[in-house]
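Keep the structure open while you read.

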Amino acid sequence: MPNKTFFWFFLPTGLAMILFIGLPIISTGIQSFYAQHDQIVKEVKKCDPFGCTVSIVVDNEETSKIREAKPLGKFNGFGTYTDRNHLAVDEIKKFWNETESINAFIDQVTNLPFYKALIFTLTYCLFVTPNVLLLGFIIALSLNAVARKIRGPLIFGTILPMIVTPLVGSLVLFWMIDSQGIIGANIQNLMNDPYLSLKSSKTLTWITIIIYGIWHHSPFAFVVFYAALQTVPQEPVEAAIIDGASRFQRIKHIVLPHIYPVVTFVALISLMDNFRVFEPIIGFSAEGSAQSLSWLIYDNLVNEEVILFGSAAATSIMTIVGIAILLAPVLIRTWKEFRIAR
Amino acid sequence: MDYGLDKKTTSLKTFNTIFIIVWLLIACFPFIWTFWGSFKVRADFFSRSDWWYAISAFNTLIETGGKFTTNAYSQAWTEGEFWKASKNTVIVTIFVVSISLFLGTLGAYALSRSTKNYAFWLLILALIFRAMPHITLVSGYLFPFFELQIWGILPTTIVVLVAINQPFTLWLLYSFFKTVPRELDESALIDGCSYFQTFRHIIMPVMWPGVITAGLFSLMLAYNDFTVTALLLNQENHTMVPKIQSYLGTNQHEGNLMWAVSSVVSATAPLFILVMFFQRQIISGLTAGAIKG
């Protein structure tokens, strides 16, 4: 296809992506260097028969004037990145000097909002992704062994958790495991502990959200693995059976190597999706004990008084850096393959 | 070809059956339970004292005189203005699907027929765009949209959702277009068709399965989206998912939980019916990118 024709065919979609994915990333970058204006205060002198008092009040008129004149806020450089709500450089230095043991230091650092969110996000990725791969593979193997006639409905049931939006999926689960739901109430009775609830324990909340993640993402891994299993050639499998290989050996030495590229594909996609975990936190109303990077951004953007554009943008940029680190190995490999192919 | 070499022992078969049953229970029971509970009153579905109330409908009988009640539905759809939210969802979904298919087929066709290096890099760029968390993009939109005063209205959200959806649509349609043999285009070009005529009259007619699959995925994205719609639309224009969230209530105001339950069912039912009919297309779409490379 000539370059000119290609250009006209690709223009609409390219324009849409540049305007609404490329530019916003740049816009986020710019916003992250600005912070909202401070409120302007003025001194008000109040006199009554007993004397005069000077009080400091917020000058709403002046504040809104300056906000209108410079809506982006004041230039802050890397100030937002290093403040307490983000990388917290000063606080970490202080903790390093003040705390005695390394454990106390780690304890202090992981209580800072950004690091807390980062640790939750990474923990979520670390536990959900491998389990999704494993569960998806087992379900695929298992469904692949049942009679072809009944597979259709079984697949339909299996993919249900995947097709609902994460908010709805997590709500549906939350209503069951909440202290007033069917599972939660029964666990309370079993344990004989009326105060046992999701909200009361940080660990329980984390485990629940991770289980939710596995429940929601496994069907995707299943679908891809199931399709890949259909393409495994039968001859080597039969040869292995004749040679006396056990079922486990056949899976390990024939099936897995064959579907290996698909495994990396699923791992990559589910890593990307897990890194943006956010809706389940709202669904489970778990803000108290579990915050992710995406949730921090959301929280800044729905702030009641003034939207913290700068703060949200700084977290966004650091999230994008995180994604870049996750994607880097794949991109480097693609680049190498591409160069060799040329 | 199955020669019956792969003999499964009875214990393995039993284990397999049990595993599938357990998994299907885990996957489907929450939905069945929510559907069942949506016809009860709050005191039954969320009962601390006895979960059996949800089955026996103890409070529902007292409050409404029947074992099942559709109060939650009628209230959410009228008082809760869920009808407005579903109207908005329908508008958003229809526009997002048609626009993103239009842009996506054109772009993906060009990508699949180009032999140049830049086509490869554009696909990689699309993959990087696909990896961006939507909330980071939203934090980039909000400020410019406020300044341009296009925040809160449906058209903005539609365009944004189309753009966010493009990377995935491009990849999906690209892998479908790859399966259409190039000879087809070439013979049309030799016969004097322009590229656009070839695309319109020769390629599109054989591409319907791919287009339907891509359309389904755009539909699911637009229908299910929370991040973009919750932050870019004002209260008036909220679609279903942010509306459900608003029923949950916050620290400041008490929500109406049964409205949320019934609207979750109302919002999920059309999706399930759709998937029931188009299961094959969805599965082929999810695997297209992975298997065909």
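In this predicted model, chain B is assigned two domains: domain 1 spans 26–69 and domain 2 spans 75–291. Their centres, taken over C-alpha atoms, lie 35 Å apart.

**Domain contact in chain B**

- Eight residues of domain 1 of chain B touch six residues of domain 2 of chain B.
- On the domain 1 side, α1 and α2 (42–45) of chain B each supply at least two residues.
- α1(B) has the largest share of that side, with three residues.
- By class, the domain 1 side of this contact in chain B holds four nonpolar residues, three polar and one charged.

**Helix pair α9(B) and α12(B)**

- The axes of α9(B) and α12(B) are 10 Å apart, and the packing angle is about 155°.
- An angle over 145 degrees counts as roughly antiparallel, so α9(B) runs roughly antiparallel to α12(B).
- The crossing of α9(B) past α12(B) is right-handed.
- From α9(B), the contact residues are Leu161(B), Asn165(B), Phe168(B), Thr169(B), Leu172(B), Leu173(B) and Phe176(B).
- From α12(B), the partners are Gly210(B), Thr213(B), Ala214(B), Phe217(B), Ser218(B), Leu221(B) and Ala222(B).
- This helix contact has nine nonpolar residues, five polar residues and no charged ones.

**Interface between chains B and A**

- Across the chain interface, 77 residues of chain B contact 80 residues of chain A.
- Several helices of chain B each give at least two residues to this side, among them α1 (10–37), α6 (82–113), α9 (154–178) and α12 (208–224).
- Further helices with at least two residues there include α7 (117–131), α8 (134–148) and α14 (240–248) of chain B.
- Which helix gives the most to the side of chain B that touches chain A? α15(B) does, with 13 residues.

**Domains of chain A**

- Chain A is also assigned a domain 1 (74–105) and a domain 2 (114–341).
- The centres of these chain A domains, taken over C-alpha atoms, are separated by 32 Å.
- Seven residues from domain 1 of chain A and five residues from domain 2 of chain A make up their contact.
- The domain 1 side of that contact in chain A has three nonpolar residues, four polar residues and no charged residues.

Notes. Residues numbered from 1 in each chain as written. Chains lettered and ligands numbered in written order. Predicted model: local features only at pLDDT ≥ 70, side-chain atom pairs only at ≥ 80, totals over all residues. Domains from an automatic or database assignment. Contact = placed C-beta atoms within 7 Å. Nonpolar A, V, L, I, M, F, W, Y, C, P; charged D, E, K, R; others polar. Helix = DSSP H or I, 4+ residues; strand = E, 2+ residues; numbered from the N terminus. Axes fitted to C-alpha atoms, helices over the stretch in contact; angles between N-to-C directions. Parallel < 35°, antiparallel > 145°, perpendicular 65-115°, else oblique. Left-handed = near helix turned anticlockwise from the far one by under 90°.
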